[in-house]
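Please read the following walk through one protein model with the sequence and the coordinates open.

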Amino acid sequence: MFGLELSEVLYSVAVLAVCGALAGFLAGLLGIGGGVVFVPALYFIFIHAFKISDDLAIILATGTSLACMIPTSIVAALSQYRRGNTDLSVIKRWSVAMIIGVIVGTLISVNYGGGWLAILFGSVMIVNSINTLFRARAKPAFPSLPRPFFQKCIGFGIACFSVMLGVGGGTLTVPILNACSVEPHRSVGTSSAVSLFVCIPGAIILIATAATPALAPIGTFGHVNLLGAACIIPLSVLCAPFGVRVGKKVSPVTLKRIFAIALFIISVRMLISGLGLM
């Protein structure tokens, strides 16, 4: 089946389904969009199950991750909005800049993507996780968000890097908003909405405009593997609202530490693989 032994197919489906459940829960709990789980899981499945190169694996993993996050991000964003955790003024201010950032990041990924994306993913996320972990009780670096122009620059940067990394935007949005004195639960809620501006246009562009690689696994369109997405999406959607409910009961400091530890573990493994050490 799909050029694989039945045992390999069942194993891959099971791993992706579990990742979907975990990523959906984390999307609701932490507002991270699930990409920090999807990208490494898809990356290793593509390499070890489908036997494709590291360079192609990371390109397909980031593209497929964006598609997987669309329903999860919608569910998490709606749940956060209903609980009053979304700062719509920030979303309106950043929206155009984020869409431009998605286009730029997608073009870079399509034309210059490869193994360096795995190294970039691991490096950025390790720095992010360490900063978040050791600053869990620290006071915000800034008293408020900067002037509108600089906020738009922030939105552009978040969207551009997030598309290249295959993450929904929350991974970068949460620590930035926290550093600007935005309350943690509101940072998480707002980041869930940011993910919508990253994953929806990013996935559409990667499906519609990117050429499907010759050695890509079956079910791949452009830079998105729809079979992998089909295994992940159902449980991720079901688990996102549960993460939101749990997040309301967790203290802001604990929320930051959970986010940091989970991110660090995943990022180290991704960096090691990108450097060819495993």
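His223 is buried because its relative accessibility is 6%; buried means under 20% relative accessible area, exposed means over 50%, and partly exposed lies in between, with a 1.4 Å probe and protein chains only. The model is predicted, so local features need pLDDT of at least 70 and side-chain atom pairs count only at pLDDT 80 or more, while totals for chains, interfaces and linings use all residues. Residues are numbered from 1 along each chain as its sequence is written, and side-chain values use heavy atoms, with hydrogens and water left out.

His223 sits in the loop that links strand E1 (220-221) to strand E2 (224-225). Helices (H or I, at least four residues) and strands (E, at least two) are DSSP runs numbered from the N terminus. Apart from its neighbours within four places in sequence, His223 has contacts with Ile59, Leu60, Gly63, Thr64, Val110, Leu206, Ala210, Ala211 and Pro213, where contact means heavy atoms within 4.5 Å.

Thr220 belongs to strand E1. With a relative accessibility of 8%, Thr220 is also buried. Which side chain does the side chain of Thr220 meet in a polar contact? The partner is the side chain of Asn225, at 2.9 Å. A polar contact is a pair of N or O atoms within 3.5 Å; within protein, one must be able to donate a hydrogen and the other to accept it, and residues adjacent in sequence count only if both atoms are side-chain atoms. A polar atom of the Thr220 side chain also lies 2.7 Å from the backbone oxygen of Pro217. With neighbours within four places in sequence left aside, the contacts of Thr220 are Leu60, Thr212 and Asn225.

On the surface, a nonpolar patch is formed by Ile130, Leu133, Phe134, Ile261, Phe264 and Ile265, which together have about 580 Å² of accessible area. Helix H5 (115-134) and helix H10 (252-274) each contribute at least two residues to the nonpolar patch. Ile130, in helix H5, is partly exposed at a relative accessible area of 38%.

Two further sites concern a loop and a helix. Ser181, in the loop between helix H7 (170-179) and helix H8 (184-208), has a positive phi near 70 degrees although the residue is not glycine. Most residues other than glycine have a negative phi. Asp54 is part of helix H3 (residues 54-82); Asp54 and Tyr81 are 27 residues apart in sequence, and their C-alpha atoms are 38 Å apart in space.

The protein as a whole has 10 helices and 2 strands, in the order α-α-α-α-α-α-α-α-β-β-α-α along the sequence. Its radius of gyration is 17 Å, close to the 19 Å from the globule rule for 278 residues, so the protein is as compact as a globular protein of that length; the radius is taken over C-alpha atoms, and the rule is 2.2 Å times the number of residues to the power 0.38. Of the 278 residues, 54% are buried. Among contacts with a separation of 6 or more, 80% join residues 24 or more positions apart.

Key
Patch = residues over 30% accessible without salt bridge, like charges linked within 9 Å, V, L, I, M, F, W, Y side chains within 5 Å. Areas by Shrake-Rupley, 256 points an atom, 1.4 Å probe, with all protein chains shown as cover. Salt bridge = Lys/Arg side-chain N within 4 Å of Asp/Glu carboxyl O.
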